[in-house]
Structures are given as C-alpha cells and as structure tokens.
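Look at the fold before reading on.

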Amino acid sequence: MRFAIALLTVICIASVIGTVVKQREPLNNYVNQFGPFWAELFGKFDLYTVYGAWWFLLILAFLVISTSLCIARNTPKIIQDLKNYKEHVREQSLQAFHHKALGHLPVAPEAALNQVASYLSAEGWKAKVQARERGVMVAARKGSANKIGYIAAHSSIVLICLGGLLDGDLLVRAMMWAQDKTIYQGGGLISEVKAEHRLGPNNPSFRGNLMVPEGGRAATAILSMPSGVVLQDLPFDVELKKFIVEYYDTGMPKLFASEVSVRDHETGAITDATIKVNEPFIHRGIAIYQSSFEDGGSDLKVKARPMGRADVPSGPTFTIEGKVGGNTELKNDVQKLTLEFAGLRVINVENMGGNPAGPGSTDVRKVDLVTSLQSHLGSGAKTKTEKVLQNIGPSFSYRLRDAAGQAREYNNYMVPVELDGNRVFLAGVRDTPTEAFRYMRIPADEQMGMDGWMSLREGLMNKALRERAARRYAEAATPNDKPEMTPQLQATAHRALALFAGAERIKPEDKNSNIPGGLPALSQFIETEVPEAERQRVSEVLLRILNGSLFELYKLSREEAKLPPPKADAATQAFMTQSVLALSDSMFYPAPMLLQLDDFKLLQASVFQLARAPGQKLVYLGAILLTIGIFAMLYVKERRLWIWLEPAPGQSDATRVRMALSSTRETPDTGTEFEQIKLDLLKEGV
C-alpha cells in the first residue's frame, strides 16, 4: 500500500510537470527557458515528453497490474462480507463490545421482535433474524456502501492508468513496430517525407499538431517523438478560411479562433466549423483543438541601411523583400551572408514602465566617462522599469548566417518606442538562442524616423566631415581673447571624433588590445595616455569636446541633406544625448547593415492540436468512480447492530433485550447514534 501511494505521488508530480512545462517543444525553446545545463538535465529524465516517458508508462503499467490483482484478491471477500450479516454471534460476546446495552421491553418476545423489526426497517437498517433455543438474534447492517467505495476507488485507478496508457505513446510505438515505421529526423516539405515515416489514418491513438496558413489546406499531423517526428495522415483535410484574433487594450490576446472547412476523404462531405480555445471540433473521433497561432509566411519589405566603418565608403540604402521562413543572399566584395527571415510579431506587449527623467535627460558633458559606460553601454537591455504593460508595435526577427554556417539572430522593432522619455528604435542582437537580446537604442528624429541618426553616423564615418566639424567646434568654443587656442582645440576635437569613430587606434601594432570605437575607445585612450590623477578631469573635458563636435557634425549632416539647422532646445539635446550612446553601441554592432521593417502583409497560420484519444472515456469514467469511491470511504461508515431477545426471567409478558453496536470507523457520532437507538428501543437500560 505504501509503495502504491508513493507511485501515485510520482504520477501526480509528473502530471503537474507535464502541465506546467510545455511538452514536445523544440529543444531550443527549453534551452532559452532553462539554460543549457538544466535543459540537458531535464531532457535526460524525459520531462519534455513526460506522458510518453518509459518510466511514466512503466509506473502506469505497474499500477494497473498491481491494483487489478488487489481488486481481484479482495473483491470476493468484500462481496462475501456484504452477504454476511454475522448473525451467528454468541449472545454472551455482546458484552465485550464498546457500545452495549441491556434492558427490558414490557411485551412478549414475539411482539418485541415485531417491534424491533419495524424500527430497524424504518431507520434504514437491513436485518436478518436467527431463532435459537433460548431466544432470537437480530443482526442488522447499515452503510455497506463503504466497502463498495473501496472497489470503486481502486477500479478508478485502473481505469485512469489504462486511459493514460492508451492515450500515451504506447499505441503509437506499437503501431510503428507492427508496420515497420521509423522516426523522421530530417527537414523539408511534408509532402516529400517517405511512407516509412508515416502512419495510416486508422491509427487508433495519437496526439499531434497541424499548422494551416490562411487560405491553405493540410491533411497531415506531426507527432513529436523524443528523437524526431512521425507524420500522421488524417482521414480528412482542414482548410483555414479565416483566422480571428481579438486583443485587450494592453495588446494581450483575449480570443483567437479559426473558421475552417473540414473535407472528409472517404465521403467528400465538407463541414464548416469555428474552432476556439477549449471549444474543439470533433470529426470521425478526432478532436481538433485550437492550440496557438503563428506566422504563415507573411510578406516582408525591409530597408537595408549599411553600417559602414570609418573612412570606408558605404553603399546606399536599399530594399529587400522576402517571406517569413524564406531566405536570400547578401554579398559584397568582402563577405557573403545568408539572410533568413525568422518571424514577424504584429503585437508586442512589453513592460514599458520607468522613470521618464532617466538617462535621456542627462547632459553627457557633465558625466564621468566610466560611469557613462556602466550606465549606458548596451542600455537597451539594462533599463530599470516598473511594470507597465504596453503594445509597442510590430517587430521582425532574422538571422544572418556566414559562409561557415554560423549565425547571429536579430530582432528589430518597426516603430520608435518611448523609453525614459525618448522615442527610440530598438535593434536587438544575440549570438546564441540561450542569450537575451541586447538592444541598441537609436533615437528618432523630428520626423519619427531613423534618417537623422543614420546621416549623423555616416558623417562620423567621413573623414572630411569630421575635420570640418572639429574646425567649426574649435572656432565656436575658442574665447575671443585667446585665438591661439583654436589649433590645439581643433586637433583635440578631431582626435576625439577619430577615436570615437574607430578611425584611430591607441595601439595600432596590437590589434587584440584595441577597441573598434565609441566611448570604450575614449576610455582606453584616457587609461593609456593620461595619468591617473588627471583622468577624472580629462574625461569630463573630452566628453564636452566630443559632445560639441558631434553637434557640429549633426548640423553639417543636415546641411548636406538640405535640411534646416536643428533647434537649440531640450528635444535636440535629448536627441544628441541618446545619439552619443547609440553611436557608441553601433561600433560593436556585428552586422554590416541594419535592417528596418518598412512594410508587411500579414499571413496568419493557425496551429491545431489533433487527438484521437480512446482512453479519454476511461479516464472520465475513472474520475467518476474515484469521486464516488472517495466519498463512500470518507463519509459513509459501515455499522453493525446485534439485538438479542429472550424471555425475561420470571416474567411471561416481558422480554430482556441485549444489544451491541460496532463501526468500521469510531467517531463521536457513533456513540450518539447508539444512545438514540437505546432510547428508541428500551424502556429502561442498565
């Protein structure tokens, strides 16, 4: 019994894990969620396929066998006990019971027997009478359902475990073994998978996924196995006519449903249905559930903005078109990359709370360089926020794969997002799927576009514009009474811009110790060239010069674009502050270009879960029996009552009554019930 309870506890814990942890997801999803170590450890215990794990099925099988044997062994005894009223108990043994009584009835024994029989019948007792030489023994019983509850509870365990075995992978594996099928571990189109990896439509039990794009049709489900997949041919096909999704004000989906047409392969009949979450459509014994939704191959149009390096001419912005799930080649004289369109998310609900007067309102000329690096470098991933959910618009993800097959993943938002009081474009990158995205914040210009910052960056990469900006800054910053400072100030500004742009290295002979530019390059310059006692003061001066030079560069870039000069207001100051940080981060951006989503044509796909579950009815029946059994065992007590009637000594018209009561579970109510029986039957008791 203890071992069986321990196994049931393991089954319950495993079921909780199978409910909390999404089953049969791609391995990368678990790596992202748990990390490489725990993902690998959980995988060894088959926690991603709990209901098909060998140990889970073994426990179910053991419980079925052991509980069935227990029922087979005890049921005859229970049935025998239900038939036995134990009327052969000796009258003297009644004195040994805890609940006992002795009294008299002022009637003859025959009348007393009729009186007792009528009372027991009225109170719901079932009784049996045994006449003896010296008197009559009345044996009564009440609460026999307690023992029926034992059978019901144990039978429910067998039924539930059988249902679990039937609806798990056991039948699928048996069918694969019987039909000589193998697991498919490759990729490609479903139509190209060979018959040796397919199960027929008459498979008695399976559970798989079916993805159908809007306007598309599918008739093959995918059954996920621990080491690959098996394809399940269906006796019908599903056409997704329309996908419906509704959102809350926060952007969270509150309803998604699919309008489908199901065409039966055998009869050709077409049935229209609307499938919602928790409202499946059942056809030929196969339940079709609305599981989730994905992109079905949306058309994307993106702008490719070259992210050139210092003093290297960059090409113009160009347009790329593609589909989600597709790829295209990008190549130049230096390298060749494969662009893989990974996904499109139209709704992005993010936590956007925070202090509106955050880093965006900081004057970079008054910040220590080291503090600035710690606070802002990669700042898109380090924002301290309070929980405020908000839909921040569409985003798309893509991968750039080099000739060696190595890829980085990128995630860019289409429209500017308000962070810390500033409108910025978020451009994310990560090296592996196990990492979180690191976001670069690109400030939006007055037209809520990226052109202003991109033109500033192009100017920074242009040596001639850097020289002109340095000269302008030196002329504007030189005091009227000290004109001799102009050349020195111009040289400092030019070198600060060159270091920031990555055009000048601190140690040209040591490539490994050099930083490609940005604020880290200035920090390296200060640590290398400036005595420690002077670093704080020099860093403040250098940042002031850099900020002023970049502002002159910004004005020059606007002149080149034939735009009016920027206004000297708080908005321009905030733009320049964020631009410094974004320019610094962009020096470490690993891609030769930044892709910005320009337009898209959404094509949704609905993901259905299909299940043929013969064990479902067994589980439902088992649940009913379990409820009945537990209720009967906990709330129904079996009681047995014996009443011995014999002529009272020396009295011909009186009967002496001796009675006793026993119960399977002793409670205070048992004594109360016996006292009531005494009051009802006996005139006086001793």
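Helices (H or I, at least four residues) and strands (E, at least two) are DSSP runs, numbered from the N terminus. Two strands pair if DSSP finds at least two bridges between them. This is a predicted model: local features need pLDDT of at least 70, side-chain atom pairs count only at pLDDT 80 or more, and totals for chains, interfaces and linings use all residues. Residues are numbered from 1 along each chain as its sequence is written, and side-chain values use heavy atoms, with hydrogens and water left out.

Start at strand 7, residues 228-247. Strand 6 (residues 217-225) runs antiparallel to strand 7, and eight bridges join them. A hairpin links the two through two residues. Met225 stands opposite Gly228 of strand 7. Strand 8 (residues 253-264) also pairs with strand 7, antiparallel, through eleven bridges. Here Glu246 has Leu255 in strand 8 as its bridge partner. Strand 4 (residues 198-199) pairs with strand 7 in parallel, by two bridges. Leu199 has Gln232 of strand 7 as its bridge partner.

Three strands lie in the order 13-12-23, with antiparallel pairing. Strand 13 (318-323) and strand 23 (593-601) are at the edges; each has a single partner strand, so one side of each lacks a neighbour in the sheet. From one strand to the next, the twist averages 30 degrees; axes are lines fitted to C-alpha atoms, for helices over the stretch in contact, and angles run from 0 to 180 degrees between N-to-C directions. Eight bridges join strand 12 (residues 299-306) to strand 23. Lys301 stands opposite Asp599 in strand 23.

Next comes helix 10, residues 463-477. Its 15 residues reach 21 Å from first C-alpha to last, close to the 21 Å expected at 1.5 Å a residue. That expected span is 1.5 Å times one less than the number of residues. Which residues of helix 10 are buried? They are Leu465, Arg466, Ala469, Ala470, Tyr473 and Ala474. Buried means under 20% relative accessible area, exposed over 50%, and partly exposed in between (1.4 Å probe, protein chains only). Seen down the axis of helix 10, these buried residues fall within an arc of 170 degrees, so they line one face of the helix. The arc is that of the directions from the helix axis to the C-beta atoms. An α-helix has 3.6 residues a turn, so residues three or four places apart point the same way. The buried residues of helix 10 pack against helix 9 (451-460), helix 11 (486-501) and helix 13. Contact means heavy atoms within 4.5 Å.

The cores follow. A nonpolar core is a set of buried Ala, Val, Leu, Ile, Met, Phe, Trp, Tyr and Cys residues joined through side-chain atoms within 4.5 Å. The largest has 62 residues, and Leu460, Phe500 and Leu550 have the most contacts inside it. Helix 13 (residues 535-560) gives the most to this core, with eight residues. Leaving aside residues up to four places away in sequence, Leu550 touches Leu456, Leu460, Leu497, Phe500, Met576, Val580 and Leu583. A second, separate core has 26 residues, including Leu210, Met225, Phe243 and Phe281.

Finally, two loops. Arg284 lies between strand 10 (281-283) and strand 11 (286-295). Its phi is near 55 degrees, a positive value in a residue other than glycine. Arg284 is partly exposed, at 38% relative accessibility. Lys562 sits in the loop between helix 13 and helix 14 (570-586). Lys562 is not a glycine either, yet has a positive phi of about 60 degrees. At 75% relative accessibility, Lys562 counts as exposed.
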